[in-house]
Amino acid sequence: MSSRERKKAAALQEKLQILRSITHSHALSNTSIIMDASMYIKELKQKVVRLNQEIACAQDVLRQNRVTVETLGHGFLVNVFSGKSCPGLLVSILEAFDELGLSVLDATASCSDTFRLQAIGSENLVEKVDEHAVKQAVLQAIRTCSETGRDHDDVDDE
C-alpha cells in the first residue's frame, strides 16, 4: 500500500470515528457505524417533522389569538380575540391583570365559540407596567388556558 493510499485510509478511518462519536454509536465495524449513522439520521428527520408540526400548531394558535393594548393616561385599553373559547379563559386573563396590579374599570366579554374581551384597566401607580408586559401576560393566560383545556380533552378521550 502506498503512502497516499495509507493517508486516504487513515483519513477515512478518522472520519468514521468522528461519525461514530457524533451518532453515539458503539459499533466497531465500519458497516455497523454507517448503519448506526443512518438510523441516527432517520431519528433526526422524525424530530424535524415533529418540531415543524409543533411550530405550525403554535403559529395557528398565535394567528387565532389577537391581543392589542393601548395606553390611556394611567391605564390601558385591552382588546382580546381568541378563535377558540376555553373554560376559565376570562378568569385567567383577569388574574393576569390582577398579578400586574391592574384594576378593571370597565369590561365587555363574549365567550361563545370565540372569545372577545374589551377591558379598560387602571394601573397600580406603585409599579409601572407597560403595554408589552400587559400583552405578554394576556397571551400567557391564553396559552395556559388552551394547554389546560387540551389536557382535559386528552383525559376525556381515554
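Biologist: How many disulfides does a search of the whole structure find?

Modeller: This is a predicted model. A disulfide is a covalent bond between the sulfur atoms of two cysteines. The search of the whole structure finds one.

Biologist: Which cysteine is joined to cysteine 86, and how far apart in sequence are the parts that the pair ties together?

Modeller: The disulfide runs from cysteine 86 to cysteine 145, with 2.3 Å from S to S. Cysteine 86 sits in the loop between strand 2 (75-82) and helix 3 (89-100), while cysteine 145 belongs to helix 4 (residues 131-157). So the pair ties together parts that lie apart in sequence by 59 residues.

Biologist: Is cysteine 145 buried or exposed?

Modeller: Start with cysteine 86: its relative accessible area is 13%, and it is buried. For cysteine 145 the relative accessible area is 6%. Buried means under 20%, so cysteine 145 is buried.

Biologist: Strand 1 and strand 2 pair in which sense, and over how many bridges?

Modeller: Strand 1 covers residues 65-72. The pairing is antiparallel, over eight bridges.

Biologist: Which side chain makes a polar contact with the side chain of serine 82?

Modeller: Serine 82 lies in strand 2. It is buried, with a relative accessible area of 3%. Leaving out residues up to four places away in sequence, serine 82 touches several residues, among them Gln64, Leu89 and Ile142. The polar contact, at 2.7 Å, is with asparagine 65.

Biologist: Which element gives the largest share of the largest nonpolar core?

Modeller: That core has 22 residues. The elements giving two or more residues to this core are strand 1, strand 2, helix 3, strand 4 (115-122) and helix 4. The largest share is seven residues, and it comes from helix 4.

Biologist: Which residues have the most contacts inside that core, and what does valine 78 touch?

Modeller: The residues with the most contacts inside the core are Val78, Val80, Ile93, Phe97, Val134 and Val138. Not counting residues up to four places away in sequence, valine 78 touches Thr68, Val69, Phe97, Leu117, Gln118, Ala119, Val134 and Val138.

Biologist: Which side chain meets arginine 50 in a salt bridge?

Modeller: Side chains of opposite charge can pair when their charged atoms come close. The count comes to one salt bridge. At 3.5 Å from N to O, the partner is glutamate 54.

Biologist: What separates the C-alpha atoms of alanine 37 and serine 25?

Modeller: Alanine 37 has its place in helix 2. It is buried, with 5% relative accessible area. Not counting residues up to four places away in sequence, alanine 37 touches Leu19 and Thr23. Serine 25 is twelve residues from alanine 37 along the chain, and the C-alpha separation is 7.6 Å.

Definitions and conventions: Residues are numbered from 1 along each chain as its sequence is written. This is a predicted model: local features need pLDDT of at least 70, side-chain atom pairs count only at pLDDT 80 or more; totals for chains, interfaces and linings use all residues. Side-chain values use heavy atoms; hydrogens and water are left out. A disulfide is a pair of cysteine sulfur atoms within 2.5 Å. Helices (H or I, at least four residues) and strands (E, at least two) are DSSP runs, numbered from the N terminus. Buried means under 20% relative accessible area, exposed over 50%, partly exposed in between (1.4 Å probe, protein chains only). Two strands pair if DSSP finds at least two bridges between them. A polar contact is a pair of N or O atoms within 3.5 Å; within protein, one must be able to donate a hydrogen and the other to accept it, and residues adjacent in sequence count only if both atoms are side-chain atoms. Contact means heavy atoms within 4.5 Å. A nonpolar core is a set of buried Ala, Val, Leu, Ile, Met, Phe, Trp, Tyr and Cys residues joined through side-chain atoms within 4.5 Å. A salt bridge is a side-chain nitrogen of Lys or Arg within 4 Å of a carboxyl oxygen of Asp or Glu.
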